[in-house]
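Please look first at the sequence and the model shown here, and keep both at hand while reading. The paragraphs that follow go from one chain to its contact with another, and end at a single residue.

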Protein chains: 2
Amino acid sequence: MSSSSAAHDVSFLRLTSLPMLLEREIESMILDGRLSIGGRINENQLAATFGVSRGPVREALRSLEALGLVELLPNRGVFIRSLDIAQVVEMYGVRAALFGYAAQLLAGRMEAGVVAPLRAMLDEMAEAARAHDFDRYYPLNFAFHDFIVEQAGNGVLTAQYRGLVKQLRLYRAGNLMTGNTLELSNEEHARIVAAIEQGDPLAAYQTSFDHVERGKERLLARSVSLAHAEERRA
Amino acid sequence: MSSSSAAHDVSFLRLTSLPMLLEREIESMILDGRLSIGGRINENQLAATFGVSRGPVREALRSLEALGLVELLPNRGVFIRSLDIAQVVEMYGVRAALFGYAAQLLAGRMEAGVVAPLRAMLDEMAEAARAHDFDRYYPLNFAFHDFIVEQAGNGVLTAQYRGLVKQLRLYRAGNLMTGNTLELSNEEHARIVAAIEQGDPLAAYQTSFDHVERGKERLLARSVSLAHAEERRA
DNA sequence: CGACATTAAATTGTTGACACTTTACACTCG
DNA sequence: CGAGTGTAAAGTGTCAACAATTTAATGTCG
């Protein structure tokens, strides 16, 4: 047994700091829309809001830059990152690969008590889909994906996936599904669960990958029609 | 056409800053081994080395934390991140998924002038493998993987993949292959190129994924034998 | 001699001030 | 009246000093 692998770690004591706190707070301000996308962040103003000096604020912003939530232009300022459709498409691709890998892992290491919750979510989503109730469907859909990633048991994967999903929230056009797309989407979910349940990693990868890719295409189609509407208006 | 999409962007002017510069420099200090893994970074000392104050250094370290190269413990200091074998295994898994996705993309959008360089690298690696010349094989191997990822044409994917590879350099035990593993590794490369050339995305994914996974297993086997050697010594 | 409390040194955390750059605005000139 | 120039304000970049915390060292008591 290695001596460096301590049995009990006591680093919980004071495991937060002002910059970390500010980072979380600014992050939620961005994701909640309290800071408008593309807009500039005023360090003085932000520091004044929190009643602290600019130092910790600047440190927090550096972290947020690395997380892909803001952009730092030297001598210009910090801007809330705005994603164009091309970047969103790329992100969806990577998200598809990561989610596919999660399902692949899960199919390979099936344990009891994993399929049951998935089936339960599936049923609930089916109900919401039948009612065309997007507001009910959306959080279930999110939980379904996150559950699969989480249960895959790879912490690095979970972190990367969630980081990507977080960044995708910067794109405020595609969070909507309409009509019977909900039911189509949930049919894909069912295929994913089936592949996992049967312990078929490759099928789990493919169905999961395709599911996210279809989501991308739905988003893209919607985005194109939005752009056309924009054109007509001009 | 949107008015915000400028035809020519002049943001190159002053596109760097002191914290960014320090970030790059500290990063290379870590990756070159000039800062020992697990060790603590002294802000005063580091700032003095560069002839700057602690502010910019702290900002650079915040970025490096988000990149996964250092760890920040409040009131304790900044430590060069040290990876245990479990984390390395997880990272290899995600790397396999990302690399697999890259090959999958490349197989789907085959353009001229992609296979030729791959085949050239393949031949060079074969030669190096026959000669058991690891020092020659290693950079070729790296270039081979990076080329596939790059040519996949997804910038987000490239960034994530390279970030992960960078973090993996923190683990200083597994960069060695011995004996005929070089030839085995290159046979896997050949299968990857074949799948890409035939335009078979799924096969490209699988062969590429498996290739990295095999690398992980080789690393793991070596790591176990090292641990045993360690035990015997104790 | 070892465990514990106490004190001093070292290090991180935060701040306010100052220098520099960018941006906005008013002014001048064609 | 519009393009261009110069100036003032606003904002970012950097620093050095101070506060708070942790770590190391010293001394004390059982």
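In chain A, residues 24 or more positions apart account for 72% of the contacts with a separation of 6 or more, where contact means heavy atoms within 4.5 Å. This is a predicted model, in which local features need pLDDT of at least 70 and side-chain atom pairs count only at pLDDT 80 or more, while totals for chains, interfaces and linings use all residues. Residues are numbered from 1 along each chain as its sequence is written, chains are lettered from A and ligands numbered from 1 in the order in which they are written, and side-chain values use heavy atoms, with hydrogens and water left out.

Chain A has 9 helices and 3 strands, taken as DSSP runs numbered from the N terminus (H or I of at least four residues for helices, E of at least two for strands). Along the sequence these elements are arranged as α-β-α-α-β-β-α-α-α-α-α-α. Of the 234 residues of chain A, 44% count as buried, that is, under 20% relative accessible area with a 1.4 Å probe and protein chains only, whereas exposed means over 50% and partly exposed lies in between.

We turn now to the interface. The size of an interface is often given as the accessible area lost when the parts come together. Chain A and chain B bury about 3200 Å² between them, with 58% of this on carbon and sulfur atoms; the area is summed over both parts and uses a 1.4 Å probe. Each side is represented in the contact, with 36 residues from chain A and 36 residues from chain B.

Between the two chains there are 4 salt bridges, each a side-chain nitrogen of Lys or Arg within 4 Å of a carboxyl oxygen of Asp or Glu. In a salt bridge between the chains, the side chains of R58(B) and E59(A) meet at 2.7 Å, N to O. On the side of chain A that touches chain B, the elements giving two or more residues are α1 (18-31), α3 (54-66), α4 (85-108), α7 (155-168) and α9 (201-233) of chain A, and the largest share, 9 residues, comes from α4(A).

Finally, consider Q87(B), which is placed in helix α4 (residues 85-108) of chain B. Q87(B) counts as partly exposed because its relative accessibility is 25%. Leaving aside residues up to four places away in sequence, Q87(B) touches V156(A), R81(B) and S82(B). Q87(B) and L168(B) are 81 residues apart in sequence, yet 9.4 Å apart in space, C-alpha to C-alpha.

Definitions and conventions
Buried area is the accessible area (1.4 Å probe) that two parts lose on being put together, summed over both.
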